[in-house]
Amino acid sequence: MELNEVEAGGGWAPQACTLPTAERPLRVAEFDALFAEAVRSVERVEPGRVRLGLEATPLTAGRAAELVVAETGCCSFFTFTLTATGGQLWLEVTVPAAHIEVLDALSARATDAAA
């Protein structure tokens, strides 16, 4: 992704995103709130995949599911996998190679918020 493709949204809203520009800061705020309140760990599994350990509650699972469904509606290059097992909740975020920089920015925001 070229730098001129990054729109308002903390570095992870490329031109391919169909969410209206005015709504992007709101979406970023939703992710930031989830990251700050529920992320317990961030692991870069491979260049195109990040695993977020979330607070394992039904409320967090529902909130994460609603957010990622909305996000795939405007940024179809994301693949989100939400897994609840053994009392833990995981959100894996995967992107194709062309969008690694978007994943880098998302991962950095999650890491900063979880610290």
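**Close-up views of a predicted protein chain**

**Figure 1. Overview of the protein chain.** Of the 115 residues in the protein chain, 37% are buried (under 20% relative accessible area, with a 1.4 Å probe and protein chains only; over 50% is exposed, and values in between are partly exposed). This is a predicted model, in which local features need pLDDT of at least 70 and side-chain atom pairs count only at pLDDT 80 or more, while totals for chains, interfaces and linings use all residues. Residues are numbered from 1 along each chain as its sequence is written, and side-chain values use heavy atoms, with hydrogens and water left out. The secondary structure consists of three helices and four strands (DSSP runs numbered from the N terminus: H or I of at least four residues for helices, E of at least two for strands). Along the sequence these elements follow the pattern α-β-β-α-β-β-α. Among contacts (heavy atoms within 4.5 Å) with a separation of 6 or more, 56% are between residues 24 or more positions apart.

**Figure 2. Packing of helix α1 against helix α2.** Helix α1 spans residues 24-38 and helix α2 residues 58-74; their axes lie 11 Å apart, at an angle of about 150°. Axes are lines fitted to C-alpha atoms, for helices over the stretch in contact, and angles run from 0 to 180 degrees between N-to-C directions. That angle makes α1 roughly antiparallel to α2 (angles over 145 degrees; under 35 is roughly parallel, 65 to 115 roughly perpendicular, and the rest oblique). The crossing of α1 and α2 is left-handed, a term used if the near helix is turned anticlockwise from the far one by less than a right angle, whereas clockwise is right-handed. From α1, Arg27, Glu30, Phe31, Ala33, Leu34, Glu37 and Ala38 meet Thr60, Arg63, Ala64, Leu67, Ala70, Glu71 and Cys74 of α2. By class, this contact has eight nonpolar, one polar and five charged residues (Ala, Val, Leu, Ile, Met, Phe, Trp, Tyr, Cys and Pro count as nonpolar, Asp, Glu, Lys and Arg as charged, and the others, Gly among them, as polar).

**Figure 3. Surroundings of threonine 60.** Threonine 60 lies in helix α2 and is buried, with a relative accessible area of 5%. Its side chain is joined to that of glutamate 55 by a polar contact of 3.0 Å (a pair of N or O atoms within 3.5 Å; within protein, one must be able to donate a hydrogen and the other to accept it, and residues adjacent in sequence count only if both atoms are side-chain atoms). Apart from neighbours within four places in sequence, threonine 60 is in contact with Leu34, Ala38, Leu54, Glu55 and Leu89.

**Figure 4. Crossing of helix α1 and helix α3.** The axes of α1 and α3 (residues 100-114) come within 8 Å and cross at roughly 45°. The two helices are therefore oblique to each other, and the crossing is right-handed. Val28, Asp32, Phe35 and Ala36 of α1 meet Leu106, Arg109, Ala110, Ala113 and Ala114 of α3. The residues of this contact divide into seven nonpolar, no polar and two charged.

Figure 5. Glycine 62, in helix α2, is partly exposed, with a relative accessible area of 32%. Glycine 62 and leucine 82 are 20 residues apart in sequence and 9.9 Å apart in space, C-alpha to C-alpha. Serine 76 is found in the loop between α2 and β3 (79-85) and is exposed, with a relative accessible area of 66%. From serine 76 to valine 95, the C-alpha to C-alpha distance is 9.5 Å, and the two are 19 residues apart in sequence.
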